[in-house]
Amino acid sequence: APGYYADVYQFLLKILQFLERIINNTGEGQKEVVVRSHEIVGCVIDMLGEHAVELVRNLIKTPDNAKPTHNGPLTTYMNLCEDIANILHLVTKTPESYVIIIGRSVDINGEECEGMCISCMEPKVGFSTVAEQARCVILTSGTLSPMNTFEAELGVEFPIKIEAPHVVPTSQVYVELSDAIGEVTYKATSGVGASRFAQNLGKYLLEYAKVIPGGMLVFFPKYSLIDVTLREWHTSRLFAQISDQKHIVCESRGASGFADTLAQFNRGNATGKGSLMLAVFRGKVSEGIDFKDDSARAVFCVGIPFPNVFDVKVKTKRDFNDLPKSRQKGMLTGSAWYSAQAYRAYNQALGRCIRHPKDYAALFLVDARFREGGQYMMNNISKWIRKSVTACGSVNESVRNVDEFFKRTKKMLLEKEIKTESTDAPADETQNPESPVEYRAHRNENIFNAIGCEDNRKLCDA
């Protein structure tokens, strides 16, 4: 055990000294150093010495006789050491699939700081073990679209692909392409255009807040755009006007405070007035949170969340995908990969509401590029959404349609519920029993057809 502790100390010390040396030698104006695939083994040897591979192998798993008897600083350092050793072991085993980024301002879990980021450029490195050992692999999710990216990135062919319809009938989904505030691009939302964008968006949302029951989710490409929007709303009467209709809540940066934000949103909905949440694509609200029923009756996706083109990790991945060896493997081009990341985040956000067969909501794709780009852009949106897309000539016409949609859908579901309750009630003995034909039809009915829509029938029968 003493020898193992000495190895842990030397391992962490060598990494720290290496990072300090690289960062201190970084030229002025240079934020980071990118170690490419062919340079990785040499980099690890430079970091840990000529016996780097052997040292890493020895530290992958803590020996039983070296494990501390209680939690403390020693346990923390040993766990950190084990994690780093496992990552470096993978890196030296398949260096062609990794890059290392070292710099003064590296994105580590959403925080910009000095450090080292080891990025896997080919997800197939982690997936290959599963694919080789399993007889059958099924990937299922509501947000796999665009689907062609998975085969290329995972390095496995999926001979069977199914884009199933949603469990909710199309009559319970309102989808609209809106060009009311133009193209939501970097140029249109920065500088002098930022104020105009925030004002137009506020007036646009205000009209819908008057007719949409329950909560509203509004997704932005980045937090800074939320900051600009709120500042402009506060300097005008828009914040007060929207607050009269909905309780305004903003998604907080970082993990801390999110529980309080969600509690505020739920309190606003509980009053009956409803809440309006300003959030970001790829944030905590857009992934993993279930906003069913009146929690969210509408989702507004403002802009298209393309990754930051200046982010070194994004640029490195695009460059990697454009390498001749990557193209030979059938990987997407850097540009195609870049677009796929945007639309996957977009579909994830759109799916936050409509969570069960009796749910209903309105979805808005707020960017003029969707109307101008035509079918090419819409093909990147989930199939169940594409089938219901509409467009209106003006905001006033759209608001009337939305108001009518909610009133009609609520009434229709209420009538269905009353009809179901009367059907399920105990039969009067004086009533005629089911005829043999009716009985067989009832018996043969697939239960899934009753809870889904007609479009599901063939899939359920199969």
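Which residues of the largest nonpolar core touch the most other members? The legends below begin with that core. This is a predicted model, in which local features need pLDDT of at least 70 and side-chain atom pairs count only at pLDDT 80 or more, while totals for chains, interfaces and linings use all residues. Residues are numbered from 1 along each chain as its sequence is written, and side-chain values use heavy atoms, with hydrogens and water left out.

**View 1. The largest nonpolar core.** Among the 38 residues of this core, Y204, Y208, I212, M216, F300 and F364 touch the most other members. A nonpolar core is a set of buried Ala, Val, Leu, Ile, Met, Phe, Trp, Tyr and Cys residues joined through side-chain atoms within 4.5 Å; buried means under 20% relative accessible area, exposed over 50%, and partly exposed in between (1.4 Å probe, protein chains only). Elements giving two or more residues include helix 7, strand 5 (216–220), helix 8 and helix 17 (395–424); helices (H or I, at least four residues) and strands (E, at least two) are DSSP runs, numbered from the N terminus. Helix 7 gives the most, with seven residues.

**View 2. The surroundings of Y204.** Leaving aside neighbours within four places in sequence, Y204 is in contact (heavy atoms within 4.5 Å) with S178, A180, I181, F300, F364, V366 and V395.

**View 3. The packing of helix 7 against helix 8.** Helix 7 (residues 192–209) and helix 8 (residues 223–235) pack at an angle of about 75°, with their axes 9 Å apart. Axes are lines fitted to C-alpha atoms, for helices over the stretch in contact, and angles run from 0 to 180 degrees between N-to-C directions. The two helices are therefore roughly perpendicular, a term for angles of 65 to 115 degrees. Residues making the contact include F197 and L201 of helix 7 and L225 and W233 of helix 8.

**View 4. The salt bridge between D227 and R253.** The closest N and O atoms of D227 and R253 are 3.0 Å apart; a salt bridge is a side-chain nitrogen of Lys or Arg within 4 Å of a carboxyl oxygen of Asp or Glu. D227 lies in helix 8 and R253 in the loop between strand 6 (247–250) and helix 10 (258–270), 26 residues apart. D227 counts as partly exposed at 34% relative accessibility, and R253 is partly exposed at 48%.

**View 5. The salt bridge between D367 and R369.** The side chains of D367 and R369 meet at 2.7 Å, N to O. D367 is buried, with a relative accessible area of 0%, and R369 counts as buried at 18%.

Terms used: Angles under 35 degrees count as roughly parallel, over 145 as roughly antiparallel, 65 to 115 as roughly perpendicular and the rest as oblique.
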